[in-house]
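Here is a structure to explore with the viewer open beside you. Let's walk through it together, one region at a time.

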Amino acid sequence: MGGCVDGALDARGSGRPVDGVLGSSVIEQYDPGRPNLLDRWDGHQAWWDARLAAAVDPYCKTTLGKIGPAGTTRMRDGAVRRGVNFASQDYLSLAGHPAIAEAAKRAIDRYGVHSAGSPALMGNSAPSVELERRLAGFLGYDDCTVFATGWAAGYGVIKTLVQPHDYIVIDRLAHASLQEGARNATRNVFSVPHLSNAAIACRVERLRREHPDAGILVVTETVFSMDSDVPDVAGLVDICRRLGATLLVDAAHDIGAIGATGRGFLERQGMTGRPDVLMGSFSKTFASNGGFVASDHPALKQALRSSCGPLTFSNALSPVQAAIVIAALDIVGADEGRRRRARLLENATRLRRGLQSSGFELMGEPSAIVPAVLGDTALSRLATRHALEAGALVNLIEHPAVSMNTCRWRLQVMADHSLRQIDDMVQIAALARQKAAGDLGRLGA
Ligand SMILES: Cc1ncc(COP(=O)(O)O)c(C=O)c1O
């Protein structure tokens, strides 16, 4: 259907084609051939402006009011959209939790709002140090270091561990922070087929044979952020132990949100505390910016303090953020956390079933991420527009975040979504996709 489509409806949906905005990818819009570094982005700007004019730019939305299962957002052109919210990451619905708001207010009164320094100097605060201690225990490691973002944690730990003469074997779909960390650490990066332990074993065996003294880092995620699928971590631990490689796993999307006690898919697999290095983010479940790196190795913490650019040369997590994460951790570890995780999983399962029975292909397995496949780029952009207009706040994932024409809505479920909100999402999704197919039919695509 869509590869041949190269026009869109105008903002009022009159059917007037707008060239170039439906089928092409953002990566085609940058012109590296121009000598002026800023002018290179002119085509890119024009392309986004054309998408906005055609009402097929669903990005850079601004949340108005608080994060919750329903909400209001302002589009880049000022249009306001209201509806059920499957576009925010607040998996246990802690962003609006009164105990967490109280903890933040108490922290402001006691510690002020700012860390005012790098952790390597004097940026640590009583809450950030307590958080590191508490998190290490929760995650099943001896030590933990917190970062201002999850991105900095993933990028930074790879850059710290791996030298240019070392090797990295990384799942093809691992997060951008990990990919960029890997490529900036060494040119010796081997990207392996998604979830293939066989491919990882084969590559690591060969590297170990050819480079007996080199360091080898294997990188994956506990649940993949665009596909909601899960690797066999026990198999990876075995491969790494056998061949003297180091295993780094990113648990951004499941820590706190999945597993009987909230220790994620590692807990489900009986692998809590087993990867050599675990990293993650607070931004999905713990109601705050921030990230962490945990390990049993006694030398890693000081190595990060002195040699990890995004930690050493960047301001520490604020005491308010640290206090928020501690309060979230209290809830995650309590009975309330268990109940919230149960509701989250029930909601994700209901959403998956509803979308499936409306003809959507769903990827991966039940988690807070529900990837509903739309496929074709043009159809996806139009369907997203219709969904937003009809009262469903959604995020479209398109190339280059995923392969061309494998677009999807990455719906993010919350514990506090009601059954009604989930059913509304399903109904709007089906109608939006149907309307988009109609649009393309009228355009002759
Ligand atoms: C798998 C994964 N790792 C790391 C990050 C970065 O986390 P943060 O938002 O805390 O920077 C993200 C967030 O997009 C993610 O999806």
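The report below goes from the domains to the core, the ligand site and a few local details.

## Ground rules

This is a predicted model, in which local features need pLDDT of at least 70 and side-chain atom pairs count only at pLDDT 80 or more, while totals for chains, interfaces and linings use all residues. Residues are numbered from 1 along each chain as its sequence is written, and side-chain values use heavy atoms, with hydrogens and water left out.

## Two domains

The chain splits into domain 1 (2-88 + 336-442) and domain 2 (98-333); such bounds come from an automatic or database domain assignment. Taken over C-alpha atoms, the centres of domain 1 and domain 2 are 29 Å apart. Domain 1 brings 20 residues to the contact and domain 2 brings 20 residues, where contact means heavy atoms within 4.5 Å.

## The nonpolar cores

A nonpolar core here is a set of buried Ala, Val, Leu, Ile, Met, Phe, Trp, Tyr and Cys residues joined through side-chain atoms within 4.5 Å. Buried stands for under 20% relative accessible area, exposed for over 50%, and partly exposed for in between (1.4 Å probe, protein chains only). The largest such core has 96 residues, and Leu131, Leu139, Leu351, Leu355, Trp409 and Leu411 have the most contacts inside it. Helix 11 (residues 319-333) supplies the largest share of this core, ten residues; helices (H or I, at least four residues) and strands (E, at least two) are DSSP runs, numbered from the N terminus. Because domain 1 (2-88 + 336-442) and domain 2 (98-333) both give residues to this core, it lies between them.

What does Leu355 touch, not counting residues up to four places away in sequence? Its partners are Phe360, Leu362, Val370, Ala372, Leu411, Val426 and Ala429. Another core, of 23 residues, lies apart from the largest one and includes Ile168, Leu178, Val293 and Leu311.

## The ligand site

The ligand is surrounded by 14 residues, and the closest are Gly150, Asp250, His253, Ser281 and Lys284. A residue is near a molecule if one of its heavy atoms lies within 4 Å of it.

Now for the polar contacts, which are pairs of N or O atoms within 3.5 Å; within protein, one must be able to donate a hydrogen and the other to accept it, and residues adjacent in sequence count only if both atoms are side-chain atoms. In the side chain of His253, an N or O atom is 2.6 Å from an oxygen atom of the ligand. Ser281 places a polar side-chain atom 2.7 Å from a ligand oxygen atom, and for Ser283 the distance from a side-chain N or O atom to an oxygen atom of the ligand is 3.0 Å. On its own the ligand has 390 Å² of accessible area, of which the protein covers 85%; accessible areas come from the Shrake-Rupley method with a 1.4 Å probe, and for residues only the protein chains shown count as cover.

Which residues of helix 7 (residues 233-243) are buried? They are Val233, Gly235, Leu236, Val237, Ile239, Cys240 and Leu243. These buried residues pack against helix 6, strand 9 (216-221), strand 10 (246-250) and helix 8 (264-268). At the start of helix 7, the backbone nitrogen of Ala234 has a side-chain oxygen of Asp232 within 3.3 Å. Just after helix 7 comes Gly244, with a positive phi of about 65°.

Ser196 sits in the loop between strand 8 (189-192) and helix 6 (197-210). A polar atom of its side chain is 2.9 Å from the backbone nitrogen of Ala199.

## Backbone details worth a look

His399 and Pro400 are joined by a cis peptide bond, with omega about 10°. Pro400 belongs to the loop between strand 16 (396-397) and strand 17 (407-412).

Ala55 has a positive phi, near 60°, in a residue other than glycine. Ala55 lies in the loop between helix 1 (42-53) and strand 3 (62-64) and is partly exposed, at 22% relative accessible area. For Ala116, too, phi is positive and near 60°. Ala116 occurs in the loop between helix 2 (98-111) and helix 3 (126-139), and its 58% relative accessibility makes Ala116 exposed.
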